[in-house]
Amino acid sequence: MAMRLWSLAFLLVVVTGCAQLPPEPNTGGEVAALLPKSMSWRASGKMLVTSSSNNQTLRFSWTHSANIADRVVVSDSLGLRSAVLLHNKNGFFTVDSDNRLTPLSNAMAARHLALLEMITPENWAALLTGTQLDSETVVAQVLDWSTLDTYRVPRRLRIEANDDLLRVMISEWDVISDE
C-alpha cells in the first residue's frame, strides 16, 4: 500500500511539474527582424535603476519618432512625480510643464545615472529595441523577447556600466504613425 502511494505521489509530481512548464514560442523556423530605425514606436514599462548609492524603481513611456525626436516620460512607481526628457538632433533636454526645453547638464546626468553619459543619445533608442552596441564600457543584454507585428522586440533588458545597472521590463510596444 505504501509503495502504491509513493508511486501515485511521484506520478502526481511529474505531471504537475510538466504542466507548469512555460509553452515554447512558436517561431515557425523564422527569426523576426529588429525594428528598423526608420520606424516610429512607443514602448512603456518599468525600470530598476541600481547604483552604488541608490536604488529606484521607475515607470516609463518612450516615444520614438523616426528622424525627429525621442520623448521619454519617467515617473516614480506611484506616478506622483515625473520628468520628461527629450532627445533631438541638438541633444538631451528636460521639458517643463510649459513645454520649455532645458539642456540636461552633464552634472545632472552623472548624479542620476552615469549611463546617460556613456551612451550617445543616438544609441539609446537602438539599445531599447535590442540592437547591440559596440562599447567596452556598456554591456547590454536582452533577457527576453516578444513580437510586435513581424518584428522582434525586447521584453526584458539588462544594461550595465561601471557600478550602474539598469533593468528594463517593457510591458507594451506600439507602432505609431509619423505625425
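Predicted model: local features only at pLDDT ≥ 70, side-chain atom pairs only at ≥ 80, totals over all residues.
Let me begin with Pro103, which, leaving aside residues up to four places away in sequence, touches Phe92 and Phe93, where contact means heavy atoms within 4.5 Å. Residues are numbered from 1 along each chain as its sequence is written, and side-chain values use heavy atoms, with hydrogens and water left out.

Pro103 lies in strand 7, residues 101-103, a strand being a DSSP run of E with at least two residues, numbered from the N terminus. Pro103 is exposed, at a relative accessible area of 57%, and the cut-offs here are under 20% for buried, over 50% for exposed and partly exposed in between, with a 1.4 Å probe and protein chains only. From Pro103 to Gly91 the C-alpha distance is 7.6 Å, although 12 residues separate them in sequence.

Now to the rings, where two aromatic pairs are counted, taking Phe, Tyr and Trp (its six-membered ring) with centres within 6.5 Å, and calling planes under 30 degrees apart stacked, over 60 edge-to-face and the rest tilted. Trp41 and Trp62 form a stacked pair, 6.4 Å centre to centre with 25 degrees between the planes, and this pair links Trp41 in strand 2 (residues 41-50) with Trp62 in strand 3 (residues 55-65), 21 residues apart. Trp41 is buried at 2% relative accessibility, and Trp62 is buried too, at 10%. Ring pairs join Trp41, Trp62 and Trp173 into a cluster.

Conventions:
Helix = DSSP H or I, 4+ residues; strand = E, 2+ residues; numbered from the N terminus.
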